[in-house]
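Hi,

Here is the structure I promised to pass on. Have a look at it first, and my notes follow below.

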Amino acid sequence: MRGELGDFATEVFEPFARNDQRRWGRVYLRGLLTDGQRKSVEPMAARLGEDGNRQALAHFITTSPWDPAHVRARLAWRMEKAIRPTVLIFDDTGFLKDGNASACVSRQYTGTAGKVTNCQVGVSLHLASDHASAAVDWRLFVPETWAPGSVKADPDKVARRTACGIPEDIGHVEKWQLALDMLDETRSWGIEVPLAVADAGYGNAAAFRHGLQAQGLNYVVGISTTLSARPGRAGVGPGPLRGPHLERVAPPRHPRLRRPRLLHLQRLARAP
């Protein structure tokens, strides 16, 4: 499959400005697909044989300038043709870490481990159909402990931002907002999918649901059974009908409302 992989890399990495970037981009992609759990530069270089130039791979990853948005756009266009997506899926994945040197690593919950643990978290947008799916956009989640302006900022972690290459203008953003940002970017590439799916980590945020609705998307999202809401019938309707022509009587100018109390969604769903 090396020839097919080369053709794929040539297409996706076409926006790279220099030939050496395209070359080492192809090699790095091969390294990610080789056997072995560790996907850092040194163990990949050891597995790549004659192409295992550790210094060149490290330069490509750490200091070679290229715009990832252009690469993601080309990947999304290719995957749209291959998958013919019927749904967008928003999700996040934890990358478990032993140390504290990696960018944005912190003790936080991840479904990968099913608990709070030391990890990075990546938020992703996937194109999916009944037969296939592919992540085409993603963001590294910045915990509040890594955000200089946060009241929860950890001085040691903030001090590591420069060494990790985190731009000064990148701070803490909620995962649901990262998902909406990726939706905007994907649509700017001309990809339109009418349905969105996400779990309760996103569905519990009313602003996320409103954001999908504002974009004209239908959605199916998980929500917690302990999330509270008021019945949909709550509010004041028009006045009663009266007279020979059934004219409506205007409601009181300053109606006195009794707002229904908040109920858990589980109870609302089971109500007759």
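**What turned up**

Helix H1 and helix H5 (residues 68-83) cross at roughly 125°, and their axes come within 9 Å. H1 covers residues 2-12. Helices here are DSSP runs of H or I with at least four residues, strands are E runs of at least two, and both are numbered from the N terminus. The axes are lines fitted to C-alpha atoms, for helices over the stretch in contact, with angles from 0 to 180 degrees between N-to-C directions. H1 and H5 are therefore oblique to each other (under 35 degrees counts as roughly parallel, over 145 as roughly antiparallel, 65 to 115 as roughly perpendicular, and the rest as oblique).

On the H1 side, Phe8, Glu11 and Val12 meet Val71, Arg74, Leu75, Arg78 and Met79 of H5; contact means heavy atoms within 4.5 Å. By class, that gives five nonpolar, no polar and three charged residues. Ala, Val, Leu, Ile, Met, Phe, Trp, Tyr, Cys and Pro count as nonpolar, Asp, Glu, Lys and Arg as charged, and the others, Gly among them, as polar.

Before going further: this is a predicted model, where local features need pLDDT of at least 70 and side-chain atom pairs count only at pLDDT 80 or more, while totals for chains, interfaces and linings use all residues. Residues are numbered from 1 along each chain as its sequence is written, and side-chain values use heavy atoms, with hydrogens and water left out.

H1 also packs against helix H2 (residues 19-33), at an angle of about 130° and with the axes 10 Å apart. That makes H1 oblique to H2 as well. Arg2, Leu5, Gly6, Phe8, Ala9 and Thr10 of H1 make this contact with Arg26, Leu29, Arg30 and Leu33 of H2. The contact has five nonpolar, two polar and three charged residues.

Two loop residues are worth a click. Arg84, not a glycine, has a positive phi of about 50° and sits in the loop between H5 and strand E1 (87-96). Cys104 has a positive phi too, near 65°, and lies in the loop between E1 and strand E2 (106-110). Buried or exposed? Arg84 is exposed, with a relative accessible area of 68%, whereas Cys104 is buried at 2% (buried is under 20%, exposed over 50%, partly exposed in between, with a 1.4 Å probe and protein chains only).

As for the whole chain, there are eleven helices and ten strands, and 33% of the 272 residues are buried.

Cheers
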